[in-house]
Amino acid sequence: MPQRKVSVINHYAFPPGSGGITRNFDMFSRLRGWRPHFYAANINHTSGERMTVDDPRYTLVPIPQYQGNGAKRVLGWIAFAAGAGARALVRPADVIFASSPQILAPAAGMVVAALRRKPFVVEVRDLWPESLISGGALKEGSALHKVLQGLEKTIYAHARQIVVVTKGWEDHFRELGINVDKVTVVPNGADLAEYEVKESREDLRKEFGIEGFTAVFSGTHANYVGLDLIVDAARRLPDVNFLLVGAGARKQWAIDEVKKLGLTNVTFHDQVPKSELVRILSACDVGLHTVSPQSVFDKGMSPNKLYDYMAAGLAVVSNAKVPIRDVISDDEVGACVDPNELVAGIQRVRDADEATMKRWHERARELMTKKYSLQTSVDKLETVLDKALYR
């Protein structure tokens, strides 16, 4: 049977090696019965740099360069939706797949699917517009909120299948009148083979200048990730070293704050490709997953960085105990605490005895092998695409 074709429309579907989130590429490139073509913006959201790619499976859609969350970013959403939609409209495909955030990308996918009379699958990675309200960027009940909520409902209603990254969002769909039978959880995951490093831990620590007990945070330095909590933890725990890897709108604030406080136990590292990130993680002791308290998170989360940390053999500290309840629990692979208990969580892992650390590492390995392997998620995604095509 010839491979079927799927168009993947995602503003933030970073190509491999770009240093951004590569969920869509990692999964779709491993499908056995499908051949993907990706439509992504040509601006790396976290670094602000223009991207190029020589992979024929990729089309990078030009959008205006922007910084922060102003009007130019919104114009970029519009430009991407229009550009990706126009290009996808003329490329052969058996299924149209579109991912959020932002919500205009799925809207474009919905229109393309309708015009082409092809099945439409939407991937919901952020509950828009609810997350905008929770983060204070949108007023509940406002005219814009009502418009976006209507668009959200329309997208879900027209989708033949809906992919989500975590359990816990079912009530949200029911409230919108959406049949939850077409919702499938396809969690993030990792391929353990990609986390094997040739160098010894000691050599990696020397290469990256890592000393002492080191807690690493990797990912987008955005407003919602609680960088203020990490800086405060560094202030209160001078015997712990903190390494922050990545880029984003909030990074300069964190650098300035560390300088203002005179902290010497915080180091910042530029965003790096995943292969390099794996080497950095392997030289650290604990991986930090932090979020600013927002009610929308309590519905559930499936953060990429958690799987990266566990696959790299790190203990984990998260201040999102409730949001990640369906992924890991407290004392399973480290410490899962409430939003304002980050310091206590780090202290618990720092002071853990060898037997506890061994138990955490063994459990993390088990989870990544049996429950959160990338191939398991790929198999679920393939089932979703098959359902959409042959329902």
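Predicted model: local features only at pLDDT ≥ 70, side-chain atom pairs only at ≥ 80, totals over all residues.
Local features were considered at pLDDT of at least 70 and side-chain atom pairs only at pLDDT 80 or more, whereas totals for chains, interfaces and linings use all residues. Residues are numbered from 1 along each chain as its sequence is written, and side-chain values use heavy atoms, with hydrogens and water left out.

Helices (H or I, at least four residues) and strands (E, at least two) are DSSP runs numbered from the N terminus, and two strands are said to pair if DSSP finds at least two bridges between them. An open sheet is formed by six strands in the order 10-9-8-11-12-13, with parallel pairing. Strand 10 (266-269) and strand 13 stand at its edges with a single partner strand each, so that one side of each is left without a neighbour in the sheet. From one strand to the next, the twist averages 25°, where axes are lines fitted to C-alpha atoms, for helices over the stretch in contact, and angles run from 0 to 180 degrees between N-to-C directions. Within this sheet, strand 8 (residues 214-218) and strand 9 (residues 241-245) run parallel and are joined by five bridges, with Asn241 of strand 9 as the bridge partner of Thr214.

Strand 6 (residues 161-164) is covered on both faces, Gln161 and Val163 on one side and Ile162 and Val164 on the other all being buried, that is, under 20% relative accessible area, as against over 50% for exposed and in between for partly exposed (1.4 Å probe, protein chains only). In a regular strand the side chains alternate between the two faces of the sheet. Strand 6 runs parallel to strand 5, to which four bridges join it, and Gln161 stands opposite Val121. Strand 6 also pairs in the parallel sense with strand 7 (residues 183-185) over three bridges, Val185 being the bridge partner of Val164. The chain passes from strand 6 through helix 6 (residues 170-175) to strand 7 in a right-handed β-α-β crossover, a term meaning that, with the strands pointing away from the viewer, the path from the first strand over the helix to the second runs clockwise.

One cavity of 30 Å³ or more is present, a cavity being a set of points, on a 1 Å grid over the protein atoms alone, where a 1.4 Å probe fits but cannot get out, and its lining residues having an atom within 4 Å of a point. The largest cavity has a volume of about 80 Å³, with grid points joined across faces, edges and corners and the volume taken as the space filled by probe spheres set on the points. Its lining includes Ser100, Ile103, Val122, Trp128 and Glu152. Helix 5 (143-158) and strand 5 each supply at least two lining residues, and the largest share, three residues, comes from helix 5.

Most residues other than glycine have a negative phi, and most peptide bonds are trans. The bond from Ser100 to Pro101 is cis, with omega near -10°, and another cis bond, with omega about -5°, joins Pro101 and Gln102. Pro101 is in the loop between strand 4 (95-99) and helix 3 (104-116). Arg117, although not a glycine, has a positive phi of about 55°; this residue lies in the loop between helix 3 and strand 5 (120-124) and counts as exposed at 79% relative accessibility. Asp331, also not a glycine, has a positive phi of about 70° and lies in the loop between strand 12 (315-318) and strand 13 (334-336), where Asp331 counts as partly exposed at 32% relative accessibility.

Definitions and conventions:
1 Å grid on protein atoms, 1.4 Å probe; cavity = no way out; pocket = protein on both sides within 12 Å on 5 of 7 lines; lining within 4 Å.
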